[in-house]
Amino acid sequence: MHPDDMESLRGIFRAEARELLIGMERAILLLESTADPEVPKGLFRAVHTLKGNCLMMGFPDASELVHAVEDLLQMYVARTLSASAAVVTLLLQSVDALRMLLGVPGEGRVAADIDPAVIQGRLLQTARAGGVTEAPPVLGKVRGFSSEVPPESPAPERTLRVGLDRLDRLLDLTGEIAISRGRLTTMLEQADRHAPAELLEAHREMDRLYLDLQDLVLKTRLVPIGRAFQPFARTLWELGLATGKQVRLEVSGEDVEVDTTVVELIRDPLTHLVRNAVDHGIESPSVRQARGKPHTGTLRIQARHEAGAIVVQVSDDGVGLNRERILQKARATGLLGPNEDREDSELFQLIFAPGFSTAERVTELSGRGIGMDVVWRNIEMLRGTISIETREGLGTTFTLRLPLTLSIIEGFCVGVGEDTYVLPLENVFECVELPPEERGSGATGLLHLRGRALPYLRLREHFACEGPRSERESVVIVGHGQEYRAGLAVDALLGQAQTVIKPLNKVFQHLPGLAGSAILGTGRVALVLDVSSLLRSLLPSPIIRVA
Amino acid sequence: MSTQKKILLVDDSPTVLLMERLLLQGEPYALLSASSGMEAVRAALAQQPDLILMDVVMPGMDGFEACRILRSDEATRTTPIILVTTKASLEHVERGYESGCSDYVTKPFNGNELRAKIENFLGR
C-alpha cells in the first residue's frame, strides 16, 4: 500500500477508534443504571468493531485487550460478576489503556498512567474469578485538566469532520461568485458603456455572495458543544467513587453549535468547574439528608444561544459560596484591606484570583488553589466572560458567555503614529479626550473620569511606536465584563470595522498585548490588541477594581 | 465501462471500508459502498452489484439478516456474498451459511487473500 494511503487509513482508524472508545466509555457508565437493551448491544458492537480494526491495522496488543474486555463484558451483562463498581472501574481503565496503546487521547482527558499488560492481566483474572477479588486499585489523581499534562505530550491532531452537503454548498457558492466576478470584469473592461451606479450594483451583488461564503465557511467550523461535555459522565463517576458523594449529571443544549476552537478551549475550564462543584459545592449524602435535600446532588451543564453569544452554565445544588469565608480569605491574602468589603458579585469574582482557595484542606480533587485563575484565563482567551451566582445552602451557578465565532470580530480601529491597532468592539466602552494636562510621554498615567481615577496605558510608549505625535490624544476606555476598566491612550480614533483576525506567526505569538493581526480595508496590516493582557499589565490583578 | 464488474462493500466501520477500497484499488472493479445492512440491501437491489463483501456485525440490520433478505429477492438470489468476520467462530460460519452467504474472509485479511476470494467468484 502506498505510504500516503497508509497515512490516510491510519488517520481514519484513529478517528474511528477515538469515537468508538468515547462510545464505549459512555455505555460502560450507563450499564449499571440503564434498562435500555440498546446500551449493551451498542457497546458490544463498538467492542467488536474496535477489535476487528485493531487486528486489521496491526495492533495485536490492543486487539487482545479488547478481546479480554469483550469476555468480561459478556459476564457482566449476564450478571455473573460481583462487585460491579470495581468491574466498572476496571472496564474504564481498559478504555484508558486502549487509548494509550492506540495513541488516541480521550476528549479532554490525559492518558492515564496505566500499564496495559497489567490491565489485561486483571481483566483475565477477574473473568476467571467471576468478579473482582482484590480491592480495586486506588484511583490515581483524577485526571483531565491540562495544567497537569506533561509538556512532552503531543498536541492532539486538529481535524474537523465536515458534512458533504456543506462542502457542496460551498462549492456552489464559489461557482456563483466566479460567474458574478466574470460579469463584473467584463463590465469593467467596458466601463465607459456602464453608468457608475450599474458597476456599483454589480459589485454589490458579488459582495453579497462573498458574505454568504464567509457565513458558510464560519458555519463549516461549527461543531456541537456536547463534545466538550463528553468526558463529564466519567469524571463524575470517578469523583463519586473518590468522595462518596452522589451526583447526577443533567446536560442540555448539547446540540448548540459553536466554533471548533471553542470546544477545544472550553474543556479545561468546564472540567475544573465540574470538579470544583463536586469537591466544594455538593455535600455528602448524609449532610444533604440532614439539610432536607435529596440524597443525590445534581450538576447541570446547559448550553444555549443568547443574543449573538453562546452561554454555558454549570450549576450545582450544593452549599453555595461562603461569603464570610471568601471575605476573610481576601483580607488575609491582601486582596482586600482589613476592613474592606465588596458587593456580592464583586466579592465572588475574587475566587478567580491566582492562588485563591478557601478549601480548608487541600484535596486531591481541586488541587491547591491553582485552577480558578486558569478558568478565568481560558475564558479570556476565548474573549468570553464568566459570572457567578450563588445562594448559600442552595447552590452555585457559573455562567460563561462566549462569542459565537472567534475569527471575525467587530473591531474598533485606533491610530498611533503611523500604525493602526484594532480593539475588539465588545471591549470598548467609551472614548474620551485626554485632558491637555495629561498629554505627554509617560507610559502610564491616571485619568479622572466622573470622579473616578482610571489608570491608562499610552500605546505609543507601550509598543514604542514611531511617527509624529498628534495634537490631541484620546483615551479609549476598555474593559472586560462589568468590572475592570482602564484606558488606552491613542493618537486617533478611526472607527468601527468588521475584522478578520489572523493568528500571529509563531515567533510573535507570545508577545503580550497582541491577539493577532488583521488586514484593513486599505490593504494595510493592523495588529489586534489583546485587551485582557493589556489590562493585566495595568492592573496588578484582575480582581482589583478601579474605584 | 459497462464491462467493469461492480463490487458492493458493506461495513459500518469507515476504517474497514477504506482499507477494502485501498486493497482493491488498481483492480478492474467499480467499488460501491454501504454502511449498514439496510443500506446494503437498498444499494444491492438498485445497483445490482456482481459481488457483495459484507460485514457481519452492524447496527440495525446485521450482515446475516441482509444476506437472508438478498437471497429471498429474485434479483440478488445468486449474487456472490462474502461475509467479513472477526473470528470465524463455528457459530458465525453456521449462521452465515444458513443465511445464504457464499464465502468468508476473516479479519485480519490481506490484499492477496481478499483479491483471490473475489477472483474466485468473478473470474478475471
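A salt bridge is a side-chain nitrogen of Lys or Arg within 4 Å of a carboxyl oxygen of Asp or Glu. This is a predicted model, in which local features need pLDDT of at least 70 and side-chain atom pairs count only at pLDDT 80 or more, while totals for chains, interfaces and linings use all residues. Residues are numbered from 1 along each chain as its sequence is written, and side-chain values use heavy atoms, without hydrogens and water.

Q: How many salt bridges does the rule find across the interface of chain B and chain A?
A: The residues of chain B that touch chain A comprise 11 nonpolar, 5 polar and 3 charged ones (Asp, Glu, Lys and Arg count as charged; Ala, Val, Leu, Ile, Met, Phe, Trp, Tyr, Cys and Pro as nonpolar; the others, Gly among them, as polar). For the interface of chain B and chain A, the number of salt bridges found is 0.

Q: Which three residues supply 33% of the area that chain B buries against chain A?
A: Buried area is the accessible area (1.4 Å probe) that two parts lose on being put together, summed over both. Between chain B and chain A this area is about 1,700 Å², with 74% from carbon and sulfur atoms. The three residues of chain B that give more than any other three are Thr15(B), Met19(B) and Thr86(B).

Q: With which residues is Leu123(A) in contact, leaving aside its neighbours within four places in sequence?
A: Contact means heavy atoms within 4.5 Å. With those neighbours set aside, the partners of Leu123(A) are Leu65(A), Ala68(A), Val69(A), Leu72(A), Leu90(A), Leu91(A) and Ser94(A).

Q: How many residues of chain B are in contact with chain A?
A: On the chain A side, 17 residues take part in these contacts. On the chain B side, the number is 19.

Technical notes. Chains are lettered from A and ligands numbered from 1 in the order in which they are written.
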